[in-house]
Amino acid sequence: MPDKWVDWNKTTRSKDYRGSSSFATFMIIGPTCFFLGILFAMLPYDYPLLWTKEPISAAYLDELETHLKFVHQSPALIPRVLSIAVGVGFLGFFIKLFRASESNMLFDGASLVLYLIGVGVYVANIVKGLRLVSAGAWPDASTVLPRPGKDPLTGGEVILGRQDSLQVMAASNTILALVLVGVLVLQAGQWYAERKDNEEFEKLARLDQAADASAAAAAAATATAGASSPTADKTKKKQ
């Protein structure tokens with residue numbers, strides 16, 4: 001890793017170290033928990049699609065489709081707030097990874113990779129699924145719609161039915177939740193590593209203090225013995 005990206009001399013006890021107690025960490029954890037809250041609110045809708053074997057009624061699919069249309073067609077303020085929250089998370093990562101230490105590259109770098117994967121899942125699957133739901137482009141069965149200028153047999157795009165598309169969206173929500181939980185686990189791992197590092201440093205500091213105290217006591221004892229030996233010699237000579 002080039003030195004311009006990583007400061008190998010920086011440790012968890014350096015003054016400019018941005019660790020788990022820095023404000024940038026809260027800029028990462030805050031949006032992550034915010035998105036997990038949104039996904040938890042979607043869990044009652046996703047649960048019947050993924051985690052039960054009972055047949056799914058058309059009325060339930062209609063209710064879910066209505067809910068998703070309402071979400072996608074919400075005022076422009078809602079997606080802007082989501083975009084700002086995503087940007088705050090990225091800003092926190094960039095702050096922590098600027099002149100990063102080895103600990104930052106390990107924990108925050110891996111967290112950034114997971115965060116990027118989550119953004120990719122959101123853009124590629126969830127946003128696309130919301131657009132399909134809002135457009136209501138549901139065929140009766142899975143069909144292949146040819147792209148312009150391409151062979152329908154090889155260059156087509158598969159358009160799933162309503163239930164299959166909603167299940168793909170529910171699975172994407174689950175994947176996104178797992179990815180965001182991974183970000184929190186890595187940030188917690190950084191805190192734990194810093195705690196252990198501080199404990200080891202304090203242990204070594206106590207051992208050094210004990211060694212210095214023992215050395216000082218030995219030196220004092222030696223000095224006392226040296227100071228008392230001439231007096232003892234004079235006493236023997238008088239006798």
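Predicted model: local features only at pLDDT ≥ 70, side-chain atom pairs only at ≥ 80, totals over all residues.

Before two helices can be compared, each needs an axis, and here an axis is a line fitted to C-alpha atoms, for helices over the stretch in contact, while angles run from 0 to 180 degrees between N-to-C directions. The axes of helix α3 (residues 77–97) and α4 come within 10 Å and cross at roughly 160 degrees. That makes α3 roughly antiparallel to α4, given that angles under 35 degrees count as roughly parallel, over 145 as roughly antiparallel, 65 to 115 as roughly perpendicular and the rest as oblique. The crossing of these two helices, α3 and α4, is left-handed, a term used if the near helix is turned anticlockwise from the far one by less than a right angle, with right-handed used if clockwise. On the α3 side the contact (heavy atoms within 4.5 Å) includes Leu82, Ala85, Val86 and Phe90, and on the α4 side it includes Leu112, Tyr115, Leu116 and Tyr122. Sorted by class, the contact of α3 with α4 holds 12 nonpolar, 4 polar and 2 charged residues, where Ala, Val, Leu, Ile, Met, Phe, Trp, Tyr, Cys and Pro count as nonpolar, Asp, Glu, Lys and Arg as charged, and the others, Gly among them, as polar.

Residues are numbered from 1 along each chain as its sequence is written, and side-chain values use heavy atoms, with hydrogens and water left out.

Stepping back to the whole protein, its secondary structure comes to 5 helices and 2 strands, and from the N terminus on the elements run α-α-α-α-β-β-α. Helices (H or I, at least four residues) and strands (E, at least two) are DSSP runs, numbered from the N terminus. Of the 239 residues in the protein, 28% are buried, where buried means under 20% relative accessible area, exposed over 50%, and partly exposed in between (1.4 Å probe, protein chains only). Among contacts between residues at least 6 apart in sequence, 74% join residues at least 24 apart.

Two further helix pairs can be followed in the model. Helices α1 and α2 pack at an angle of about 145 degrees, with their axes 11 Å apart, and α1 passes α2 in a left-handed crossing. Here Met42, Pro44, Tyr45, Asp46, Pro48 and Leu49 in α1 meet Tyr60, Leu61, Leu64, His67 and Leu68 in α2, and the residues of this contact divide into 9 nonpolar, 1 polar and 1 charged. Helix α2 (residues 58–72) also packs with helix α4 (residues 102–135), at an angle of about 110 degrees and with the axes 9 Å apart. The helices α2 and α4 are therefore roughly perpendicular to each other. In this pair Glu65, Leu68, Lys69 and His72 of α2 meet Leu130, Arg131, Val133 and Ser134 of α4, and the residues of the contact divide into 3 nonpolar, 2 polar and 3 charged.

Leu82 is found in helix α3 and is partly exposed, with a relative accessible area of 22%. Leaving aside neighbours within four places in sequence, Leu82 is in contact with Phe34, Phe35, Ile38 and Tyr122; the C-alpha atoms of Leu82 and Phe35, which are 47 residues apart along the chain, are separated by 8.6 Å.

In the loop between α3 and α4 sits Ser101, which counts as buried at 1% relative accessibility. Its side chain makes a polar contact with the side chain of Asn104 (3.0 Å), a polar contact being a pair of N or O atoms within 3.5 Å; within protein, one must be able to donate a hydrogen and the other to accept it, and residues adjacent in sequence count only if both atoms are side-chain atoms. Asn104 is also among the residues touched by Gln190, which lies in helix α5 (residues 162–238).

Is Gln190 buried or exposed? At 0% relative accessibility, Gln190 counts as buried, and residues up to four places away in sequence aside, Gln190 touches others including Tyr17, Arg18, Lys96 and Phe107. By contrast, Thr52, in the loop between α1 and α2, counts as partly exposed at 30% relative accessibility.
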